[in-house]
Amino acid sequence: MRLLHTSDWHLGKSLCGMRRTEEQAEFLDWLAGLVLRESVDLLLVAGDVFDTGTPGSGVQRLYYRFLCSVAESGCSVVVVAGNHDSPSLLDAPSDILGYMNVFVLGVADPEREVVSIVDGDGEVIALVGAVPYLRERDIRRSSWSDDPMDRDRALVLGIEEHYSRIFEAMEKRSESSPGVPRIAMGHLFAAGGKVKEDDGSRDLYVGGLGRVGADLFPDWLDYVALGHIHGAQIVGGRERCRYSGSPMTLGFGESGTEKSVYLVDLEGSDFSCRAVPVPSKTEVVSLKGNRHTLSEGLSELVLAGRPCLVEAVLCDDVPFSSLMEDLQSIVDGSSVDLLRVKDGTGINGNWSFDVSGGLESMTEEDVFLRRLEGVPLEQDVRDSYVAMFREILQGVMDQDEEEAMS
């Protein structure tokens, strides 16, 4: 069996107000072509399909067009929701998509999370334990303490218990389909996973909260496809347990990082995996230095003639009046977009100026995160504020959907 593992598309995400819909469409077209060229049997999308729980109609159209294209090739698809996705929005068309061998798990439901993949003759060829991102409300018990430390331990225990139920169900179902590959999917933060500052992840449980051990996944699994962390990596030294990472550079912290998807072959006990680089016409670049270095760097990018989205970080204690205007004049009329100019010394108050976009291009979460910038908070405290905001926002969206349907 040949698998293709990808995650964290974040369709609809902009960078400093710059919309990237065209890049996202190009990626999905390329991915659909890869599925066809490599004769992929099963595509695994491990969460964060969209960047927000209220994606625009344009990016939703990209998503469904892609699913139809892949289904026509004969490849089965399993999608789980991530923390940025609306569980109910993803789940809404799941019954229809199921007829196309596209299985979407948005809302946490152990009764649905073991998916049997069948061939054209109706024979089971794989079992997938497809667990969406688990929110606290999915596993919370009335006996939980309000103490942060106790809450974190209870959260981890709840996640482990949920996955254990899925793995028990998989083992039981495999009795009637012996020898078929057994695959797990999840959108979570596993201990050992590495993240970068400003990689666009805005992780909910980074910093210790909700972090589970890699030993959560039993050794009998043939492959574990994870999402949530944006850098491709092996987890805990286990070759068969991986984050595919995001297929696009989502933040300036990933400047210069090659993005990829994983192509996995399973045949009996044999396992092979290779990273397939994702082509991109647009480069995300972070330039750091003094005025002269920044000006030279921008000039070189302009001469190269390749589309670039650029952040300029001033690392020199000099007056910065008119800096943005001077740098902008270098890129005017070129294929280089200067999106952000910021102070990298901290001496000038950590100022940051986003050149592109305004409030109309920002999501609710973008506005909230912008409000947190510059506020002196410990990382764990900041993470808890973001977690609470997302829970409240999701509750509001769920209530609006219920009212619309009533």
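**Figure 1. A salt bridge joins the side chains of Arg306 and Glu283, with 3.7 Å from N to O.** Arg306 belongs to the loop between helix H7 (291-304) and strand S16 (308-314), whereas Glu283 is part of strand S15 (residues 283-289), so the pair ties together parts that are 23 residues apart in sequence. A salt bridge here is a side-chain nitrogen of Lys or Arg within 4 Å of a carboxyl oxygen of Asp or Glu; helices (H or I, at least four residues) and strands (E, at least two) are DSSP runs, numbered from the N terminus. The model is predicted, so local features need pLDDT of at least 70 and side-chain atom pairs count only at pLDDT 80 or more, while totals for chains, interfaces and linings use all residues. Residues are numbered from 1 along each chain as its sequence is written, and side-chain values use heavy atoms, with hydrogens and water left out. Arg306 is partly exposed at 36% relative accessibility, and Glu283 is likewise partly exposed, with a relative accessible area of 31% (buried means under 20% relative accessible area, exposed over 50%, partly exposed in between; 1.4 Å probe, protein chains only).

**Figure 2. Arg2 and Asp265 meet in a salt bridge, their closest N and O atoms lying 2.7 Å apart.** This pair connects distant parts of the chain, since Arg2 is in strand S1 and Asp265 in strand S13, 263 residues apart. Asp265 has a relative accessible area of 24% and is partly exposed. Arg2 and Asp265 also belong to a network of salt bridges that includes Glu38 and Arg274. Over the whole structure, a search finds 14 salt bridges.

**Figure 3. Arg65 forms a salt bridge with Asp29, with 3.7 Å between the closest N and O atoms.** Here too distant parts of the chain are linked: Arg65 sits in helix H2 (residues 57-72) and Asp29 in helix H1, 36 residues apart. Arg65 is partly exposed, at a relative accessible area of 46%.

**Figure 4. An open sheet of six strands runs in the order S6-S5-S4-S1-S13-S14, with mixed pairing.** At its edges stand strand S6 (102-105) and strand S14 (270-277), each with a single partner strand, so one side of each has no neighbour in the sheet. From one strand to the next, the twist averages 15°. Within the sheet, strand S4 (residues 42-46) and strand S5 (residues 76-80) run parallel and are joined by five bridges (two strands pair if DSSP finds at least two bridges between them). Leu44 stands opposite Val78 in S5. Helix H1 (residues 21-37) packs on the sheet and touches strand S1 (2-6), strand S13 (260-267) and S14, with a direction at about 165° to that of S1. Contact means heavy atoms within 4.5 Å; axes are lines fitted to C-alpha atoms, for helices over the stretch in contact, and angles run from 0 to 180 degrees between N-to-C directions.

**Figure 5. A further open sheet of six strands has the order S7-S8-S9-S10-S12-S11 and mixed pairing.** S7 and strand S11 (233-235) are the edge strands, each pairing on one side only. Neighbouring strands of this sheet are turned by 30° against each other on average, direction ignored. Strand S7 (residues 114-118) pairs with strand S8 (residues 124-130) in the antiparallel sense over five bridges. Val118 faces Val124 in S8, and Val115 has Val128 as its bridge partner in S8. The hairpin of S7 and S8 has five residues between the strands, and Gly122 in this hairpin takes a positive phi near 85°.

**Figure 6. Arg242 lies in strand S12 (residues 238-243).** At 8% relative accessibility, Arg242 is buried. Apart from neighbours within four places in sequence, its contacts include His5, Tyr223, Tyr262, Phe271 and Cys273.

**Figure 7. A nonpolar surface patch is formed by Leu377, Val381, Tyr385, Met388, Ile392 and Val396, which together have about 500 Å² of accessible area.** Val381 is located in helix H10 (residues 379-405) and is partly exposed, at 33% relative accessibility. Patches are made of residues with over 30% relative accessible area and no salt bridge, with like charges joined within 9 Å and nonpolar side chains (Val, Leu, Ile, Met, Phe, Trp, Tyr) within 5 Å; accessible areas come from the Shrake-Rupley method with a 1.4 Å probe, and for residues only the protein chains shown count as cover.

**Figure 8. Ser329 is part of helix H8 (residues 323-331).** With a relative accessible area of 47%, Ser329 is partly exposed. Its C-alpha atom is separated by 10.0 Å from that of Ser295, 34 residues apart along the chain.
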